[in-house]
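My entries follow in the order in which I checked things.

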Amino acid sequence: MEQRRDHILELLKEQGTVRVSSLSKRFNISEVVIRKDLQCLETLGVLERRHGGAVRIQRGYLYKDLEERMATMGPQKHAIAHAARLLMSDARVIMLNSGSTNVYLARELALIEGLVVITNAVRAASELADSERNQVILLGGEIKARYQFTYGQDALRILKKYHADICFISLDGVDASQGLTSYYHYEADTIRQMLAHATRRVIIADSTKIGKISLEHVGDITEIDIIITDDNAPEDQIQRMRALGVQVTLVNA
């Protein structure tokens with residue numbers, strides 16, 4: 001399902017518009033299923049449905065590859081990553097999932113010595129591997145090339161062996177009511193397992209992700225110890241999260 005929707009996004013990126021009838025023939029599935037795909041993608045804010053099809057909404061975040069995402073809200077992500085590094089204290093074993101903010105965090109962690117970093121993020125592992133200060137464990141499995149992360153049963157099997165002092169999770173949606181969500185169901189089980197295998201759980205997400213709901217639910221807000229975001233995050237969301245007992249740190253970029 002996600003692979004099909006990714007393909008629809010690629011077609012929209014190339015053509016600017018898609019037709020339900022042609023998508024139905026391309027994927028050899030019913031038009032009812034295609035309409036459900038388009039409805040889901042419209043909810044995520046990446047297209048606008050029209051009679052018989054859909055059109056692209058300019059340059060939605062989900063169209064962007066990892067490099068483009070890193071350039072989006074770059075100063076905010078850098079400030080969030082720096083604040084996350086300051087949480088380390090005595091933590092020595094860290095888990096990171098994929099995401100552009102965690103690439104910024106990997107650069108911060110590369111300045112520290114004596115860490116063990118467990119990650120499914122190829123780019124984050126590469127940033128850390130440039131230094132010999134830390135041990136890096138890159139989870140095996142299949143690679144989602146465009147977004148540079150590993151996933152699948154091999155990754156989960158290896159991950160089960162480890163426990164982290166702290167995990168840093170980057171997500172597409174963080175909402176006080178609907179919880180933690182990710183567009184990529186490929187990575188959903190990895191995120192859930194990282195949350196389950198860490199003593200402290202930290203969400204790092206810029207303000208454009210706060211109050212947003214993406215495709216797959218991966219956890220509840222109350223599972224999280226700390227959320228780090230920038231000071232443009234919606235105030236009502238921040239207040240509701242704090243009322244649930246979650247520490248929210250706001251940074252200024």
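I began with burial and noted that 53% of the 253 residues in the protein chain are buried, where buried means under 20% relative accessible area, exposed means over 50% and partly exposed lies in between, with a 1.4 Å probe and protein chains only. I reminded myself that this is a predicted model, in which local features need pLDDT of at least 70 and side-chain atom pairs count only at pLDDT 80 or more, while totals for chains, interfaces and linings use all residues. I also wrote down that residues are numbered from 1 along each chain as its sequence is written, and that side-chain values use heavy atoms, with hydrogens and water left out.

**Overall fold**

I looked up the elements and found ten helices and 15 strands in the protein chain, counted as DSSP runs (H or I of at least four residues for helices, E of at least two for strands) and numbered from the N terminus. The radius of gyration is 18 Å, close to the 18 Å that the globule rule gives for 253 residues, so the protein chain is as compact as a globular protein of that length; the radius is taken over C-alpha atoms, and the rule is 2.2 Å times the number of residues to the power 0.38. I then checked contacts (heavy atoms within 4.5 Å), and of those with a separation of 6 or more, 61% join residues 24 or more positions apart.

How far apart are the end C-alpha atoms of helix α9? I found 17 Å, which agrees with the 16 Å that its twelve residues, 185-196, should span at 1.5 Å a residue; the expected span is 1.5 Å times one less than the number of residues. Among the buried residues of α9 I listed Tyr186, Glu187, Ala188 and Ile191. Glu187 has a relative accessibility of 3%, and therefore counts as buried. Leaving aside neighbours within four places in sequence, I found Glu187 in contact with Asn97, Ser98, Asn120 and Phe149.

**Helix α3 and Asp37**

Is Asp37 buried or exposed? I noted that Asp37, which lies in helix α3 (residues 31-43), counts as buried because its relative accessibility is 1%.

I found Ser21 in helix α2 (residues 20-27), partly exposed at a relative accessible area of 34%. Ser21 and Glu31 are ten residues apart in sequence, and their C-alpha atoms are 6.5 Å apart in space. In the loop between α2 and α3 I came to Asn28, which is exposed at 71% and has a positive phi of about 55 degrees although it is not a glycine.

**Met73 and helix α5**

I noted a positive phi, near 60 degrees, for Met73 as well. Met73 lies in the loop between α4 (66-71) and α5 and is partly exposed, with a relative accessible area of 21%. Helix α5 (residues 74-85) has twelve residues and reaches 17 Å from its first C-alpha to its last, close to the expected 16 Å. The buried residues of α5 include Gly74, Gln76, Lys77 and Ala79.
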